[in-house]
Amino acid sequence: MQKHLLSLICCLFAISPLLIAQPTTDHNKFRQLNEELPTPNVYRTGSGAPGHEYWQQRADYDMKITIDDEKQRLDGDETITYYNNSPDQLEYLWVQLDQNVRAKDSDSYKIANSSISERMSAAQLKRMMPWFDGGFKIMSVTDAKNKALSYTINKTMMRINLPTALKPGENVTFNIKWWYNINDRMKIGGRGGYEYFEKDGNYLYTIAQYFPRMAVYSDNDGWKNKQFLGRGEFALTFGDYKVALTVPADHIVSSTGELQNPEEVLTKTQRERYKKAQSSFEEPVIIVTQDEAEKAEKTKSKKTKTWIYHADNVRDFAFATSRKFIWDAMAVKQADGTTVMAMSYYPKEGNPLWEQYSTKVVAHTLKWYSHYTFPYPYPVAISVHAGRIGMEYPMICFNFGRPNEDGTYSERVKYGMIGVIIHEVGHNYFPMIVNSDERQWTWMDEGLNTFLQYLTEQEFERDYPSRRGPAHKITRYMKGDKKRISPIMTNSESIYQFGANAYSKPATALNILRETVMGRELFDHAFKTYSNRWKFKHPEPADFFRTMEDASAVDLDWFWHGWFFTNDHVDISINEVRWMQFDSKNPDVNKQLAAERNKNVDQQNISFKRNREQIKQTYNEKDKGLNDFYTTYDPYKVDRLDREAYKKYRDGLGDEERSMLDAGYNFYEIEFENVGGLVMPLILQFEFTDGSEEVLHIPAEIWKMTNTTERKMKKVFPFKKEVKQITLDPYIETADTEVSNNYWPPKPQPSRFELYKRGSRSSENKMQRAERAKKK
């Protein structure tokens with residue numbers, strides 16, 4: 001630790017602006033995002049709000065769907081009414097054929113990377129070949145008068161050529177008939193499909209992307225008809241749905257929307273239980289019991305029932321059907337006074353976890369997502385249990401989390417199940433209501449949703465083991481190989497490390513904004529403003545960025561640029577600390593300090609130590625005649641002239657200067673370096689020798705005069721106390737990837753290694769271990 005003396009008080013306070021070089025615009029991390037963001041217009045304003053001429057299209061659907069439980073086939077017949085609310089004349093319409101991603105000639109097979117090793121399973125080899133006969137089989141496309149329409153299928157998109165251009169303000173009605181083979185999700189994957197239960201010979205269908213759906217036509221992109229390759233999800237148009245679902249008579253159906261014919265498909269007992277659930281706000285009511293579901297598993301009815309559902313103002317429609325379903329439900333009272341039904345459907349294989357947790361987690365999610373956004377506007381929110389999947393649709397989602405056959409489960413299974421239910425139910429808000437373009441920008445729904453998932457998990461259980469959200473959980477990814485890290489603002493199909501990029505990093509960025517950059521109050525208001533501005537609309541990234549600034553008066557362009565448009569990481573180091581005090585000119589103080597310093601230096605020297613021990617008597621100690629004035633002269637002794645000079649110096653100072661001189665300040669000049677390139681605020685903890693501490697928050701703008709080539713800057717911190725320890729980012733809130741350079745004096749950071757014996761690890765979970773421990 002070095003202590004330097006300052007002779008000139010004024011030097012600490014007068015810094016000429018002429019000494020500061022302005023970095024070039026190209027390297028300025030605080031430049032505004034004017035070039036990156038689209039120009040505001042009458043449809044989307046510079047504030048981030050929809051413009052006064054904002055418009056969007058609408059598509060209503062009337063569908064009849066049949067599930068063939070013998071052939072695992074879906075047949076469909078739909079009538080679509082498409083409303084042109086745009087100012088443009090449309091000569092053709094684009095319809096999405098998402099199931100064609102499973103057609104044998106699909107590009108998804110052609111572009112999939114693959115390799116072969118010396119040992120390959122049959123399943124691995126089969127996945128390399130397009131063996132499944134998937135994809136839509138379009139039977140007809142006709143107009144409202146049943147006259148054939150011209151159409152062209154281009155892989156996962158179908159263009160319907162209109163005989164007469166659709167003018168602004170007009171609508172057109174047309175019909176499509178189709179069928180397709182339902183995929184086995186457990187073998188070949190997929191967002192929708194079926195799971196086969198070999199023990200009882202039954203199927204559980206989770207059906208999605210099963211009908212030709214209108215593509216979005218928007219003000220900024222025109223037709224959003226980018227091909228579906230399997231990763232980038234969906235851009236969809238709002239509308240009203242009436243859907244008739246014909247399934248085996250002993251099936252229970254869970255669906256988007258509200259059931260229109262309960263008297264025809266539910267027993268009297270089931271209807272009575274459902275009515276009871278509508279006023280049960282504390283505990284779920286079981287509508288179809290496990291015993292009833294197990295009896296249905298054995299019946300395998302050959303008859304059918306048609307369940308009719310209706311949904312208003314939704315962007316999609318999904319359903320699940322099985323004779324294996326247990327069904328429970330409870331009511332959720334919202335802050336605005338409305339009541340929503342929370343429901344769960346699950347096979348017996350999901351118990352005991354699902355009966356205990358699922359519906360209550362749904363209710364909990366509605367409460368907290370609504371707290372941060374807007375009251376949930378739909379009548380129901382449903383969680384369906386399906387193996388190895390987490391997928392979301394309006395009012396309904398499909399979720400994993402299955403116990404072992406003995407009913408026990410690991411912590412990972414439990415918290416994984418709770419987390420996925422929160423996440424997928426949360427998708428009702430993003431993107432089902434705040435309807436972003438998933439195919440272009442995965443982060444706009446997954447990132448925002450994962451952020452709210454983290455907040456909701458923490459409200460569920462204290463110290464809930466959230467996988468994503470806290471800053472320190474993203475550091476390993478961010479400091480990785482830059483060739484394998486994409487900026488967040490990357491198209492969904494081109495992202496490296498998809499989960500970390502589109503889920504974890506944006507969620508972490510928002511949490512840092514909330515906790516460190518903006519503060520909770522400003523952030524929460526701005527986030528809620530964005531959510532309400534764009535509910536039931538189609539936001540783009542610029543709308544989010546601009547709204548967050550508009551509603552908070554915080555310039556965040558530097559943050560969006562660093563976190564979303566680059567792959568830089570956070571690594572800020574304390575390079576050097578200089579400790580300085582005023583030179584008081586007081587001879588009693590200065591000469592004593594000088595004496596102690598020289599004495600300490602001398603006594604540390606190895607020769608000095610050994611000479612003290614080995615030289616018993618020096619020559620002038622024997623011969624006193626060798627002594628003179630300098631033999632006994634003490635240069636550190638204060639005399640009259642020293643005190644007169646000190647008095648003269650103090651008399652020449654003004655009152656303010658004398659006051660500061662007497663205050664006894666310690667000045668710590670710290671040099672910081674932005675090693676990682678991502679600018680962030682500085683959070684500094686100063687621990688003092690008297691045991692007290694102080695935490696200072698320095699805004700990120702402290703870096704505004706640095707650039708990509710000059711990444712160092714200095715700042716002086718004055719204290720009346722002496723500092724013992726300085727810690728940068730003491731609460732690990734900035735995602736700093738290298739903490740070893742965050743301390744002064746430096747602190748060694750331990751790494752751990754494991755000594756283990758080679759062999760298989762136990763697959764026993766803690767519940768099983770506890771049961772085993774009870775036995776003698």
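Author: In this predicted model, the axes of helix 19 (residues 640-651) and helix 20 (residues 655-663) lie 10 Å apart and cross at an angle of about 125°. Helix 19 is therefore oblique to helix 20. On the side of helix 19 the contact involves Y649, R650 and D651, which meet R658, L661 and D662 of helix 20. Sorted by class, this contact holds 4 charged residues, 2 nonpolar ones and no polar ones.

Charged residues also pair elsewhere, and a search of the whole structure finds 47 salt bridges. One of them joins E669 to R578, with the closest N and O atoms 2.9 Å apart. Because E669 belongs to strand 26 (residues 666-674) and R578 to strand 25 (residues 572-582), the pair ties together parts that are 91 residues apart in sequence. E669 is buried, at 15% relative accessible area, while R578 is partly exposed, at 29%.

K110 is exposed, with a relative accessible area of 59%.

The side chains of D60 and R58 likewise form a salt bridge, at 2.6 Å from N to O. Here D60 is buried, with a relative accessible area of 13%, and R58 is partly exposed, at 33%.

How values were computed
Residues are numbered from 1 along each chain as its sequence is written. This is a predicted model: local features need pLDDT of at least 70, side-chain atom pairs count only at pLDDT 80 or more; totals for chains, interfaces and linings use all residues. Side-chain values use heavy atoms; hydrogens and water are left out. Axes are lines fitted to C-alpha atoms, for helices over the stretch in contact, and angles run from 0 to 180 degrees between N-to-C directions. Helices (H or I, at least four residues) and strands (E, at least two) are DSSP runs, numbered from the N terminus. Angles under 35 degrees count as roughly parallel, over 145 as roughly antiparallel, 65 to 115 as roughly perpendicular and the rest as oblique. Contact means heavy atoms within 4.5 Å. Ala, Val, Leu, Ile, Met, Phe, Trp, Tyr, Cys and Pro count as nonpolar, Asp, Glu, Lys and Arg as charged, and the others, Gly among them, as polar. A salt bridge is a side-chain nitrogen of Lys or Arg within 4 Å of a carboxyl oxygen of Asp or Glu. Buried means under 20% relative accessible area, exposed over 50%, partly exposed in between (1.4 Å probe, protein chains only).
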